[in-house]
Amino acid sequence: MTSPSTEAGRAPRVGFVSLGCPKALTDSELILTQLSAEGYQTSKTFEGADLVIVNTCGFIDDAVKESLDTIGEALAANGKVIVTGCLGAKAGEGGDNLVRQMHPSVLAVTGPHATQEVMDAVHQHLPKPHDPFVDLVPGIASQSFGEAGIKLTPRHYAYLKISEGCNHRCTFCIIPSMRGDLVSRPVGDVLREARALFEGGVKELLVISQDTSAYGVDVKYRTGFWDGKPVKTRMLELVQALGDLAEPYGAWVRLHYVYPYPHVDEVIPLMAQGRVLPYLDVPFQHSHPDVLRRMKRPASGERNLERIARWREICPQIVIRSTFIAGFPGETEAEFEHLLDFVREARIDRAGCFAYSPVQGAEANALPGMLDAQEREARRARFMQVAEQVSAAKLRERIGATMQVLVDSAPGLGRKGGVGRSYADAPEIDGVVRLLAPQKISKTMKAGEFTQARVVDTQGHDLVAVPL
């Protein structure tokens, strides 16, 4: 392949693939921001790139396979591939790097959250076109938010990562071995990025981490500074400040990956006051105390029903999303029925479920009572049947209500309708609001803007509404 440095007038092009969760997506955004600042261009195809970067996921077996397959495709089509992300930190047989074992011809392999290591590898194999201190303006103007850098999401919403890593050692999870222990971002840096995003037109900020509730634990909740004022590096103070920043823009703040520690209760009044969205993404994983102990889950899970009831007393409109694992090693039929009863009684608004996957390196694989794959999948299906019944009933309760909807898509100014989301719907993981054609001829809609809509029906996981 001809070196781009020998081709007059053409900047080097980098192909980029981002796999996995929103936390991996924010890693990709950091790398792309730096690439753009240094004058690299992006390529939409492997073939049109001088080099390809693959940001991988390594959490469950299906994700590992997808990542390895993508690396293989990039090698076949391009030949020059740098691998980063969680799979890059995963060991294979004999303790050697798994990616190197499966694809020995890759140029470099890094773990997650490794922007500088990735850039070092890029510089080695595809020299930068100019001095980054001379030209710091990102080249992808439509996706750039100034101080907040480049975002890969639609322009009206963005993920805000507040920390990296996790201090928990849940027996089913290998993320700490890939992403390390908790490292909280300085609160001033987080709030600066949030302000840049709101100033750039973001209408919904999705706060993410491995454990949002633990923000600041690693630095003993030390006091940072924001706009010359002291702010504690702690979840409550961060959420208060984000709510203050969002208010002048009429923007939403949505909280994800919130472990149900006691101090989470302090955030619920902010939701009742409309400072942040009344939406909590809480990874309960199970309900039975014995299963939770085998999982080594933090917080007192056996009291979650009480906690949820108290949250709804304070903030009746709160929506609770959660994920669960069915068929965990040693799970008895009685323990599984306990989980089903919990979902019914807790009336979880949005629930996802994984059949237990014996991820290589997970401590739980050594627990007694491993269920066969067919039974694990059967329990997942039974769980989802119950969860969907609960969710459908809760959706039907919204018929007749008027809701604020953030429009995601509205071709032709929305004259024939569009698609959006209410406060109850996080992008890509929850349902949507299917907007019918407006009854008023003068009514128009645009992606990234809010509209009021009256709910008239439900459709699966979605609401159907008429724009007002």
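**View 1. Helices H10 and H11 pack together in this predicted model.** Helix H10 covers residues 304–314, and helix H11 covers residues 333–346. Angles under 35 degrees count as roughly parallel, so that's what we call H10 and H11. Look for Asn304, Leu305, Ile308 and Arg312 on the H10 side of the contact, and for Phe342, Glu345 and Ala346 on the H11 side. Sorted by class, that's 4 nonpolar, 1 polar and 2 charged residues.

**View 2. Here's an open sheet built from 5 strands.** Follow the order S2-S1-S3-S4-S5, with parallel pairing. Strands S2 (41–43) and S5 (108–109) stand at the edges with a single partner strand each, so one side of each has no neighbour in the sheet. Zoom in on S1 (residues 13–18) and you'll find 3 bridges joining S1 to S2.

**View 3. Helix H1 lies across the strands S1, S2, S3 and S4.** H1 takes in residues 22–37 and runs at about 170° to S1. Strand S3 is 51–56 and strand S4 is 81–85.

**View 4. H1 turns up again in the lining of the second largest pocket.** This pocket holds about 430 Å³ of space. Its lining has 24 residues, and Leu30, Ala148, Lys161, Arg185 and Glu193 lie nearest the centre. H1 gives the most, with 5 residues, while S6 (157–161), S7 (163–164), S8 (183–184) and helix H6 (187–199) each supply at least two. By class, the lining comes out as 6 nonpolar, 9 polar and 9 charged residues.

How values were computed: Residues numbered from 1 in each chain as written. Predicted model: local features only at pLDDT ≥ 70, side-chain atom pairs only at ≥ 80, totals over all residues. Heavy atoms only, no water. Pairing = 2+ DSSP bridges. Helix = DSSP H or I, 4+ residues; strand = E, 2+ residues; numbered from the N terminus. Contact = heavy atoms within 4.5 Å. Axes fitted to C-alpha atoms, helices over the stretch in contact; angles between N-to-C directions. Parallel < 35°, antiparallel > 145°, perpendicular 65-115°, else oblique. Nonpolar A, V, L, I, M, F, W, Y, C, P; charged D, E, K, R; others polar. 1 Å grid on protein atoms, 1.4 Å probe; cavity = no way out; pocket = protein on both sides within 12 Å on 5 of 7 lines; lining within 4 Å. Points joined across faces, edges and corners; volume = space filled by probe spheres on them.
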